[in-house]
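Here is a walk through a structure, one element at a time. Keep the 3D view open as you read.

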Amino acid sequence: MTWVWDHIDELLATSWEHLGLALVPVLVGLLISIPLGWVAHRYRTARAILVPASSLLYTIPSLALFVLMPLVLGTRILDPINVMAALTLYTIALLVRTVADALDAVSRDTVAAATAIGYGPTRRFFAVEFPLSVPVLVAGVRVAAVSNISLVSVGAIIGVGGLGFYLTHGSQLSPPNYAEIIAGIVLIVLLALLVDALLALLGRFITPWTRARAGVHG
Amino acid sequence: MKIRIFAGVATALVAALTMTACGGSSDPLSNTPAQQPTGSGPVGKPDKIVIGSANFPESTLLAEIYAAGLAKKGITVEKKLNIGNRETYMPGMTDGSLDLLPEYTGVLLQYLNKSAPETAPDEVYEALKKTLPASLIVLDKSSAEDKDAIVVTKETADKWSLKSIEDLKAHAGEAIFGGPPEIANRPDGLPGFKKNYGLEFKEFKPLDAGGPLTINALKTNAVQAADVFTTDPAITVNNFVVLEDPKNNFAAQNVVPLINASKASDEVKQVLNAISAKLDTKTLIELNGKLSAPDKPDASKVAADWLASAGIS
Amino acid sequence: MNIVEQVWAWLTNPENWQKNFRDPGIPTRIVEHLSYTGLALLFAIVIAVPIGLYIGHTGRGGFLVVGIANSFRALPELGLVILLVLVMGVALALQAVTIALVALAIPPLLAGTYAGIRNVDSDVVDAARGMGMRERDIVWKVELPIALPLMLGGLRAATLQVIATVSIAAYVSLGGLGRYVIDGRAFGGVEGYAIMAGGAVLIAALAITVELVLAGVQRLVVSPGLRTSTVSRRVTRVRIRPVEEPEVATS
């Protein structure tokens with residue numbers, strides 16, 4: 001296991017690169033999903049198209065999507081953009097439904113009360129409906145983030161970077177460099193769990209009312 | 001509360017953007033302006049040489065040896081290793097984002113000219129020099145060779161009295177052959193076996209390019225014959241038998257530096273040619289053995305150690 | 001011929017649909033892919049469903065289910081597959097990959113079963129108990145039929161995960177449609193890419209087809225007594241409670 005300590009700098013640098021490859025798509029995907037999800041929530045025909053379409057998109061295995069991206073985007077096979085674009089699509093496929101469901105779940109009474117107070121539709125969305133849907137959104141973002149961190153490693157098959165490199169590189173020599181392979185796996189899992197925990201904390205930070213309620217009742 | 005949401009999202013945004021900025025993967029094939037080949041005339045000492053390597057251990061090792069040798073001469077070197085296969089890195093050589101990489105005469109010739117018939121070392125080398133694009137040249141070839149070979153275990157060789165690939169013809173129908181996936185497609189792979197030796201194996205098992213899967217499959221008799229590279233230390237360690245290739249199905253594969261003509265200054269040529277002269281197949285096997293050692297040393301260390309012991313200044 | 005045309009040409013070339021000198025043919029690969037998937041799912045169901053039924057029915061250990069389902073999502077399947085095959089050897093590659101597949105399929109099946117049982121109205125269970133049914137009968141005759149849609153949701157997620165991982169397992173010598181991606185990558189060049197993309201299209205088509213079939217089965221399997229609009233709302237409500245999220249991400 002001395003290999004790990006000797007290469008700790010490189011491992012950490014690659015971890016950082018891996019996070020970028022995984023999480024930028026989550027952010028971009030989220031920003032695109034919020035308006036799309038709102039459309040699906042608001043208009044029944046849109047929902048009938050968007051939700052099944054996202055489901056179908058989510059069904060496509062990551063390796064297949066990574067390989068097909070150059071056809072769609074016109075990039076070279078080795079370009080990390082392929083992986084990031086595919087992961088953005090996955091994030092959108094996951095979160096559009098989450099946003100729609102979350103907005104659906106906001107109680108009608110609350111919405112009615114807000115209208116009664118005098119909120120117009122836009123203000124009502126940003127001040128009431130969206131904030132109330134945040135806890136569910138955060139849950140969805142956590143799933144997307146963790147799954148993306150794991151999926152970036154599949155890109156190693158087509159030579160995209162990230163921690164997946166250690167999985168393929170470690171399996172080239174005979175006997176293989178097990179320390180390297182295991183280090184790669186462990187780091188990916190640790191990164192995912194860490195990001196999951198951080199997002200959970202972030203979620204609780206930006207929704208203080210959920211904590212207040214817990215405090216009162218528990 | 002809206003401020004909290006805003007603060008939270010802003011933090012996440014900043015974090016994400018920082019990660020992209022810091023972790024931006026170096027694309028070796030990014031659009032840098034192509035080097036203008038200066039053609040004939042002496043080349044001045046280059047300000048920087050970008051060394052690339054293919055995505056397998058020996059290529060990286062050779063690139064590290066070149067890099068260490070050039071650095072000793074005071075030439076600035078930038079390494080872009082483990083790029084991928086030939087299709088992936090060759091565009092980098094032609095568009096100027098890569099300057100130098102270690103190559104093998106036979107496969108490079110085949111890549112440039114699919115129907116090249118040459119198989120003997122000197123003929124392959126001369127044909128290669130003629131087939132290269134104008135901006136690229138190869139320096140002196142080394143006697144060090146790393147060829148594909150059909151390899152069997154000692155038990156199998158004894159059982160079927162195998163010395164050369166021709167002897168395999170009688171038993172191929174009951175044998176499973178293992179190798180890298182591309183061997184099914186390459187002219188010197190399965191098609192070549194059929195054409196040159198009339199070999200048709202019972203089954204082909206796609207494994208890896210002379211890696212642990214192939215060695216393990218051979219050892220455990222999951223395959224009876226396999227494509228293993230001649231500089232693989234596993235051959236001697238496991239007492240494997242390399243079958244002779246009298247019909248030269250596998251062309252010569254001498255190690256040779258492929259370099260951008262505009263970077264081939266006299267000093268560069270002197271260092272690289274000295275390295276090529278000192279390298280031989282036995283050395284490559286030894287160095288590959290060091291890479292596979294339990295502590296898995298870095299290629300840069302193995303390269304530096306060898307350079308020092310080889311006395312190349 | 002541009003690249004899209006080349007991919008189309010590869011897909012529609014009848015030679016590729018029969019055994020040729022370098023490949024057993026697309027139908028064989030499809031059958032291989034489905035067999036590896038089916039085998040793994042069988043083992044995973046046998047392990048995960050009883051555990052899920054028990055935990056869901058007794059309510060003990062629910063946090064364990066959620067924890068496992070969430071953390072297994074983080075496991076990189078390429079790493080798992082490489083490690084197991086290298087350790088166990090090529091001769092046992094199928095067994096090694098199956099172990100990995102089962103490990104990846106259990107969490108969504110477990111989560112789906114658990115969520116399904118938890119979703120059963122406690123009044124219904126009480127009524128059954130009041131009628132004198134034994135605990136075992138309650139699970140199999142009352143809870144299970146009601147839980148079936150959500151359990152099938154878990155099966156769908158597990159199936160997608162397994163189909164995706166089987167595609168990757170070609171990297172360590174396995175057959176299946178992933179072979180076209182791995183081999184195409186090894187061949188290199190435009191010809192190689194056309195094979196990769198052709199394989200990718202086939203993998204996507206297979207996954208989508210299986211998903212549609214399972215979705216259809218899921219709809220058919222809803223117990224007649226529950227076949228009202230209330231079912232979809234109930235299913236949605238369970239789904240959006242973050243803690244009991246049975247929609248485990250696939251790859």
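Begin with H4(C), which is mostly covered: 10 of its 12 residues are buried. Buried means that 20 or more other C-beta atoms lie within 10 Å of a residue's own; exposed means 12 or fewer, partly exposed is in between, and C-beta atoms are placed from the backbone. Helices (H or I, at least four residues) and strands (E, at least two) are DSSP runs, numbered from the N terminus.

A word on the model. It is predicted: local features need pLDDT of at least 70, side-chain atom pairs count only at pLDDT 80 or more, and totals for chains, interfaces and linings use all residues. Residues are numbered from 1 along each chain as its sequence is written, while chains are lettered from A and ligands numbered from 1 in the order in which they are written.

Back to H4(C). The buried residues are C:Glu77, C:Leu78, C:Gly79, C:Leu80, C:Val81, C:Ile82, C:Leu83, C:Leu84, C:Val85 and C:Leu86. What covers them? Chain A contributes H8 and H9, among others. Chain B contributes helix H8 (212-219). Contact here means that the C-beta atoms of two residues, placed from the backbone, lie within 7 Å.

H4 of chain C covers residues 77-88, and at 1.5 Å a residue its 12 residues should span 16 Å. The expected span is 1.5 Å times one less than the number of residues. The end C-alpha atoms are 16 Å apart, which agrees. Just after H4(C), C:Gly89 takes a positive phi of about 95°.

Now the chain around that helix. Chain C has 10 helices and zero strands. Buried residues make up 53% of its 251 residues. Among contacts in chain C with a separation of 6 or more, 74% are between residues 24 or more positions apart.

Phi of C:Ser173 is near 85°, a positive value in a residue other than glycine. C:Ser173 sits in the loop between helix H7 (135-169) and helix H8 (178-187) of chain C. Is C:Ser173 buried or exposed? C:Ser173 is buried, because it has 23 other C-beta atoms within 10 Å.

Turn to chain A. Chain A has 10 helices and zero strands. Its C-alpha atoms fill a box of roughly 70 × 45 × 20 Å, taken along the principal axes. Of the 218 residues in chain A, 54% are buried. Among contacts in chain A between residues at least 6 apart in sequence, 71% join residues at least 24 apart. One peptide bond deserves a look: from A:Ser174 to A:Pro175 the bond is cis, with omega near 0°. A:Pro175 lies in the loop between helix H8 (164-169) and helix H9 (178-206) of chain A.

How do chains A and C meet? The contact takes 40 residues from chain A and 37 residues from chain C. On the side of chain A that touches chain C, the elements giving two or more residues are helix H3 (44-59), helix H4 (62-73), helix H5 (80-105), helix H7 (121-152), H8 and H9 of chain A. H7(A) gives the most, with nine residues. By class, this side of chain A has 31 nonpolar, eight polar and one charged residues. Here Ala, Val, Leu, Ile, Met, Phe, Trp, Tyr, Cys and Pro count as nonpolar, Asp, Glu, Lys and Arg as charged, and the others, Gly among them, as polar.

Chain C also meets chain B. This contact takes 14 residues from chain C and 18 residues from chain B. H8(C) gives the most to the side of chain C that touches chain B, with five residues. That side of chain C has seven nonpolar, four polar and three charged residues.

Last, chain B. Five strands form an open sheet in the order S7-S6-S8-S5-S9, and the pairing is mixed. Two strands pair if DSSP finds at least two bridges between them. The edge strands are S7 (203-206) and S9 (241-242) of chain B; each pairs on one side only. Strand S6 (residues 176-179) of chain B and S7(B) pair in the parallel sense over four bridges. B:Phe177 has B:Phe204 in S7(B) as its bridge partner.

B:Lys296 is not a glycine, yet has a positive phi of about 45°. B:Lys296 is in the loop between helix H11 (281-291) and helix H12 (299-310) of chain B. B:Lys296 counts as buried because it has 20 C-beta neighbours inside 10 Å.
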